[in-house]
Amino acid sequence: MKQRYFAFGCSYTHHMWATYADLIGQNFNEFHNFGWGGSSNRQITNKMFEVNEFYNLNPDTDFVTIMTTGVNRFSWFKPRSWIHSGDLSKDTHDAYPEMTGFIEKMWNDEWAIYESYIAITSAKRFLEAKGIEHKILYGLPFDFYKKDFFNINKDILVLIDRMLDCCEFKESLD
């Protein structure tokens with residue numbers, strides 16, 4: 001039996017009430033929940049790599065879950081802490097004035113999909129390479145980007161299916 005459980009994700013993983021991670025965590029000697037509301041997939045994967053540096057994830061003792069989040073989320077690091085803005089929108093712009101211009105001039109759906117693809121597949125490949133037992137769960141949906149009205153490059157749309165291939169289930173928790 002695995003001794004340590006590590007959970008990564010957004011508020012579906014760690015919130016003010018019990019989540020799936022809290023229920024699973026009761027079955028282990030050690031439970032570490034690194035979920036954070038509003039996290040992006042990139043930040044979730046970064047946290048997993050950081051945890052590996054401190055805890056040295058071990059295939060003999062550890063089990064990991066990663067709950068994916070929406071691809072339109074953005075997280076960034078300011079001195080001493082991560083900022084989890086959640087979905088990029090006008091509300092983000094109002095709450096974080098430093099985002100002025102970024103959302104309008106730089107951020108786009110194709111970048112969002114690509115960045116999440118790199119994060120999710122990197123996490124999966126890393127865990128497989130280390131032999132860590134894991135489950136990647138489909139939290140907030142991102143397959144809606146395949147609808148025709150988004151006008152997204154077909155080469156980028158392929159990445160959505162590749163992200164879904166990393167997930168244990170093809171139906172989002174949402």
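This briefing covers the fold, the surface, the nonpolar cores and one loop glycine of the structure above. The model is predicted, so local features need pLDDT of at least 70 and side-chain atom pairs count only at pLDDT 80 or more, while totals for chains, interfaces and linings use all residues. Residues are numbered from 1 along each chain as its sequence is written, and side-chain values use heavy atoms, with hydrogens and water left out.

**Fold and dimensions**
- The protein has 6 helices and 6 strands; these are DSSP runs numbered from the N terminus, with helices being H or I of at least four residues and strands E of at least two.
- Their order along the sequence is β-α-β-α-β-β-β-α-α-α-β-α.
- The radius of gyration is 16 Å, which agrees with the value near 16 Å for a compact globule of 174 residues; it is taken over C-alpha atoms, and the globule rule is 2.2 Å times the number of residues to the power 0.38.
- The C-alpha trace spans about 50 × 35 × 30 Å along the principal axes.
- Of the contacts with a separation of 6 or more, 71% are between residues 24 or more positions apart; contact means heavy atoms within 4.5 Å.

**Surface and burial**
- Of the 174 residues, 49% count as buried; buried is under 20% relative accessible area, exposed is over 50%, and partly exposed is in between (1.4 Å probe, protein chains only).
- The protein exposes about 9,400 Å², of which carbon and sulfur atoms supply 53%; areas come from the Shrake-Rupley method with a 1.4 Å probe.

**Nonpolar cores**
- A nonpolar core is a set of buried Ala, Val, Leu, Ile, Met, Phe, Trp, Tyr and Cys residues joined through side-chain atoms within 4.5 Å.
- The largest core has 39 residues, and F8, I66 and I113 touch the most other members.
- Elements that give two or more residues to this core include β1 (4–8), α2 (41–55), β3 (62–67) and α5 (109–130).
- Apart from this core lies another of 8 residues, including Y5, Y20, M67 and L137.
- Beyond its neighbours within four places in sequence, I66 is in contact with F8, I44, M48, A123, L127, K135, I136 and L137.

**G37**
- G37 sits in the loop between β2 (30–33) and α2.
- This glycine counts as partly exposed because its relative accessibility is 34%.
- G37 and S11 are 26 residues apart along the chain, and their C-alpha atoms are separated by 4.0 Å.
- Neighbours within four places in sequence aside, G37 is in contact with C10, S11 and H84.
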